[in-house]
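Please look over the model below before reading on. The report then walks through its fold, its ligand shells and a few single residues.

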Amino acid sequence: MDVGRKKDIGGSEMPITVSKIREEGNIYYFLVKGVSNSFINSIRRAMMNNVPTFAIENVRIYENSSSLFDEFIAHRLALIPLSYSGSKIKEGEKIKILLEAEGPGTVYSKELKSTDPKLEVVSKSIPIIKLKKGQKIKMELEAVAGVGKEHAKWQPATVSFSETAELKISKECNLCGKCIEVCPRNVLEKKANKIVLQNPYDCTLCKECEEKCPKKAIEISAVQNSFVLVIEPHGHMPLPELINQTAEALKGKIQEFKKEIAKKIK
Ligand code: SF4
Ligand code: SF4
């Protein structure tokens, strides 16, 4: 999929392309070509730090006869991921949640009762506390919309990226197989009397193969402007929505920057 031109972000004429490499559970791997290191890093940072989500921020405790301190329970509650199916979330928005339980038994995240049906727990089976017979908790919580740069509990995803690799083998290679043996990622193989990189996206560019080659016949290097972007959403919103929100967050930052610059050069 051709999604634009790199000149739009200050680079060459190379087209920007994105393709999905694979999906493992809820982890998505994309191959992104035609962008700079700083551009892909801006996407990563905006996705993790600037997309608003809901998380429990304020806890009013009416009763807690459990064996855990109030602060301990509050900390656990804050880390429970919440999803919101309403329109765009604005930083600072608040939604009340109620929690009341009596032992014996384990209190799970499904017991959190939101006063807005659009706000739900991502997983209903996160244990919060174990209560013995007669022990009770009663609290009123406030989920507040915030961003990951303030606290990790608001991060909607874990995002990383890495360079992709390309391989060159010189005619000195005698097919001894040492490079295949030492590769910690098992990405090299012998095919039709040649050493090939069968998975350039899993190579970490550790250069172990180069160091251990007795003939110095192997060269492995990063491909210019080509990255593997790995996104692991935490369930706050579907991936397409997360990508839209990231683009919005970046756009907002650029507009802010434009405004500030305009003020200085009036
Ligand atoms: S270690 Fe060097 S010589 Fe041996 S197969 Fe690999 S590239 Fe060829
Ligand atoms: S650089 Fe490291 S991971 Fe990549 S092929 Fe060589 S040994 Fe394997």
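What follows goes from the whole chain down to single residues.

This is a predicted model, in which local features need pLDDT of at least 70, side-chain atom pairs count only at pLDDT 80 or more, and totals for chains, interfaces and linings use all residues. Residues are numbered from 1 along each chain as its sequence is written, and chains are lettered from A and ligands numbered from 1 in the order in which they are written.

**Overall build**

The protein has five helices and 15 strands. Helices (H or I, at least four residues) and strands (E, at least two) are DSSP runs, numbered from the N terminus. The C-alpha trace spans about 75 × 60 × 30 Å along its principal axes. The radius of gyration is 25 Å, whereas a compact globule of 266 residues would have one near 18 Å. That value is taken over C-alpha atoms, and the globule rule is 2.2 Å times the number of residues to the power 0.38.

Buried residues make up 27% of the 266. A residue is buried if 20 or more other C-beta atoms lie within 10 Å of its own, exposed if 12 or fewer, and partly exposed in between, with C-beta atoms placed from the backbone. Among contacts between residues at least 6 apart in sequence, 68% join residues at least 24 apart. A contact means that two C-beta atoms, placed from the backbone, lie within 7 Å.

**Strands and sheets**

Two strands pair if DSSP finds at least two bridges between them.

| Strand | Partner | Sense | Bridges |
|---|---|---|---|
| β3 (residues 27-33) | β15 (residues 218-233) | antiparallel | six |
| β12 (residues 157-169) | β15 | antiparallel | 12 |
| β4 | β11 (residues 136-146) | antiparallel | 10 |

β15 pairs with β3 and with β12. Valine 32 has phenylalanine 227 of β15 as its bridge partner. Leucine 167 stands opposite isoleucine 220 in β15.

An open sheet of four strands runs β4-β11-β6-β8, with antiparallel pairing. Its edge strands are β4 (53-64) and β8 (113-114), each pairing on one side only. Isoleucine 56 faces alanine 143 in β11.

Lysine 138 also lies in β11. Is lysine 138 buried or partly exposed? Lysine 138 is partly exposed, because 15 other C-beta atoms lie within 10 Å. Leaving aside neighbours within four places in sequence, lysine 138 contacts Tyr62, Glu63 and Glu100. Glutamate 102 is 36 residues away in sequence, and its C-alpha is 8.8 Å from that of lysine 138.

**Two helices**

Helix α1 (residues 37-49) has 13 residues and reaches 18 Å between its end C-alpha atoms, close to the expected 18 Å. The expected span is 1.5 Å times one less than the number of residues. Buried residues of α1 include Phe39, Ile40, Ile43 and Met47. Those buried residues pack against β3, β12, β15 and α5 (239-264).

Helix α5 has 26 residues, and its end C-alpha atoms are 38 Å apart, which agrees with the 38 Å it should span. Its buried residues are Leu242, Gln245 and Thr246. They pack against α1, β12 and β15.

**Ligand shells**

A residue is near a ligand if its C-beta atom, placed from the backbone, lies within 6 Å. Ligand 1 is surrounded by 13 residues, the closest being Cys173, Cys176, Lys178, Cys179 and Cys213. The shell of ligand 1 divides into nine nonpolar, two polar and two charged residues. Ala, Val, Leu, Ile, Met, Phe, Trp, Tyr, Cys and Pro count as nonpolar, Asp, Glu, Lys and Arg as charged, and the others, Gly among them, as polar.

Around ligand 2 there are 14 residues, of which Cys183, Cys203, Cys206, Glu208 and Cys209 come nearest. That shell has 10 nonpolar, one polar and three charged residues.

Cysteine 203 sits in the loop between β14 (194-197) and α4 (208-212). Cysteine 203 counts as buried because 25 other C-beta atoms lie within 10 Å. Not counting residues up to four places away in sequence, cysteine 203 touches Ala165, Arg185, Val187, Leu197 and Ile220.

**Backbone details**

The peptide bond from glycine 103 to proline 104 is cis, with omega near 10°. Proline 104 lies in the loop between β6 (94-102) and β7 (105-108).

Leucine 175 is not a glycine, yet has a positive phi of about 60°. Lysine 216 has a positive phi near 50°, and lies in the loop between α4 and β15. Lysine 216 counts as exposed, because it has 11 C-beta neighbours inside 10 Å.
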